[in-house]
Amino acid sequence: DQQVKQNSPSLSVQEGRISILNCDYTNSMFDYFLWYKKYPAEGPTFLISISSIKDKNEDGRFTVFLNKSAKHLSLHIVPSQPGDSAVYFCAASVSGAGSYQLTFGKGTKLSVIP
Amino acid sequence: NAGVMQNPRHLVRRRGQEARLRCSPMKGHSHVYWYRQLPEEGLKFMVYLQKENIIDESGMPKERFSAEFPKEGPSILRIQQVVRGDSAAYFCASSPYGRNTEAFFGQGTRLTVV
C-alpha cells in the first residue's frame, strides 16, 4: 500500500521552461514533506521541504506547493536546466517525537532537453 | 568535512553468503538511518540507530537482517544467508539530531546476489 505516490514515472521538458513534478499522499498524519534529487549511482540529495503549516516554500529556482485538502504537493523548477535531469523523489514524514522514517514515492525521472 | 561514507560501493555475494555493509556518518552526526531501494522502487526505511542503540527497526525484515552502530566505528548492516531478492541499493543517511528530515545520504552500496 503506497502512502506516497508519484504517478508520472518520467517527464521531459525543454530547457528554460517550467518543470512540474507531482506527488500525492494518502496518510493524513504526514506533516512534513521533502523533495530529493538523485543522479545515477549517487545517493539522494535534499532539495527543498515544506511543513504542513505552509502551502508554499521557495528556494531559488525551486518552489514546492502543498494542498493539504487534496493531499497533493508539487515541485516547480523554473527555469529548467539540463543539469536538473535526474530522478526526483517525493518523501513524507510524521514529525512527532520518535517518528523518524521518511516514506518515499517511486520517483519521477526528469529529462531537460537542451 | 567528508560526507556520509558507505563501503563497499558494490558488493557481489553468492546465495547463502553473508553481506556486511558499512556506513560512516558525517562528523558530529550520531543518528544513522538505513534505507533500501529495490529496482524501479522508491527508498524504503529499514532501521534508525543512535550510538549503541536501535531506536526503530520497524522496516527491517524479521529474519536474516541486523544492524548495529557501536560506540566506536561505523554502522553495520548485516544480511545473513543472502537470497536473490536481497539484491538492491542500500543507502545510509546520518543527521546531527533525531530528525530524519535533516539527514544526509551516502552514495549507497549496490548488493548483487548471484
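Here are some notes on a predicted model with chains A and B, written as numbered points.

1. **Ground rules.** This model is predicted, so local features need pLDDT of at least 70, side-chain atom pairs count only at pLDDT 80 or more, and totals for chains, interfaces and linings use all residues. Residues are numbered from 1 along each chain as its sequence is written, chains are lettered from A and ligands numbered from 1 in the order in which they are written, and side-chain values use heavy atoms, with hydrogens and water left out.

2. **Strands and no helices.** Chain A has zero helices and 11 strands, and chain B also has zero helices and 11 strands. Helices here are DSSP runs of H or I with at least four residues, strands are runs of E with at least two, and both are numbered from the N terminus. If you walk along chain A, you read β-β-β-β-β-β-β-β-β-β-β.

3. **Overall size.** What radius of gyration does chain B have? The value is 13 Å, and that agrees with the figure near 13 Å for a compact globule of 114 residues. Chain A, with 114 residues too, has 14 Å, which also agrees with the rule. The radius is taken over C-alpha atoms, and the globule rule is 2.2 Å times the number of residues to the power 0.38. Along the principal axes, the C-alpha atoms of chain A fill a box of roughly 45 × 30 × 20 Å, while the trace of chain B spans about 35 × 25 × 25 Å.

4. Buried residues make up 42% of chain A and 45% of chain B. The cut-offs: buried is under 20% relative accessible area, exposed is over 50%, and partly exposed is in between, with a 1.4 Å probe and protein chains only. Chain A exposes about 5,500 Å², with carbon and sulfur atoms supplying 49% of it.

5. **Contacts along the chain.** A contact means heavy atoms within 4.5 Å. Take the contacts in chain A between residues at least 6 apart in sequence: 54% of them join residues at least 24 apart. In chain B, residues 24 or more positions apart account for 54% of the contacts with a separation of 6 or more.

6. **Charges.** Chain A carries 11 positive and 9 negative side chains, and the centres of the two sets lie 4 Å apart. Chain B has 17 positive and 11 negative ones, with the centres 6 Å apart. Lys and Arg count as positive and Asp and Glu as negative, leaving out His and the chain ends. Each charge is placed at NZ of Lys, CZ of Arg, CG of Asp or CD of Glu.

7. **A:T108.** Have a look at strand β11 of chain A (residues 108-113), where A:T108 sits. Is A:T108 buried or exposed? A:T108 counts as buried because its relative accessibility is 2%. A polar atom of its side chain lies 2.6 Å from the backbone oxygen of A:S8. Beyond residues up to four places away in sequence, A:T108 touches several others, including A:Q6, A:P9, A:L21 and A:Y88.

8. **A:Q14.** This one is in strand β2 (residues 10-14) of chain A. A:Q14 counts as partly exposed because its relative accessibility is 41%. Setting aside residues up to four places away, A:Q14 touches A:S80, A:V112, A:I113 and A:P114.

9. **B:A93.** Over in chain B, B:A93 lies in strand β9 and counts as buried at 0% relative accessibility. Which residues does B:A93 touch, not counting those up to four places away in sequence? They are B:H31, B:V32, B:Y33, B:A103, B:F104 and B:F105.

10. **Two buried loop residues.** B:D86 lies in the loop between β8 (75-79) and β9 (88-95), and is buried with a relative accessible area of 3%. Leaving aside neighbours within four places in sequence, its contacts include B:R36 and B:R64. B:G108 is in the loop between β10 (104-105) and β11 (109-113), buried at 4%. Among the residues touching B:G108, not counting those up to four places away in sequence, are B:Q6 and B:Y90.

Key
Polar contact = N/O pair within 3.5 Å; in protein donor to acceptor, adjacent residues only side chain to side chain. Areas by Shrake-Rupley, 256 points an atom, 1.4 Å probe, with all protein chains shown as cover.
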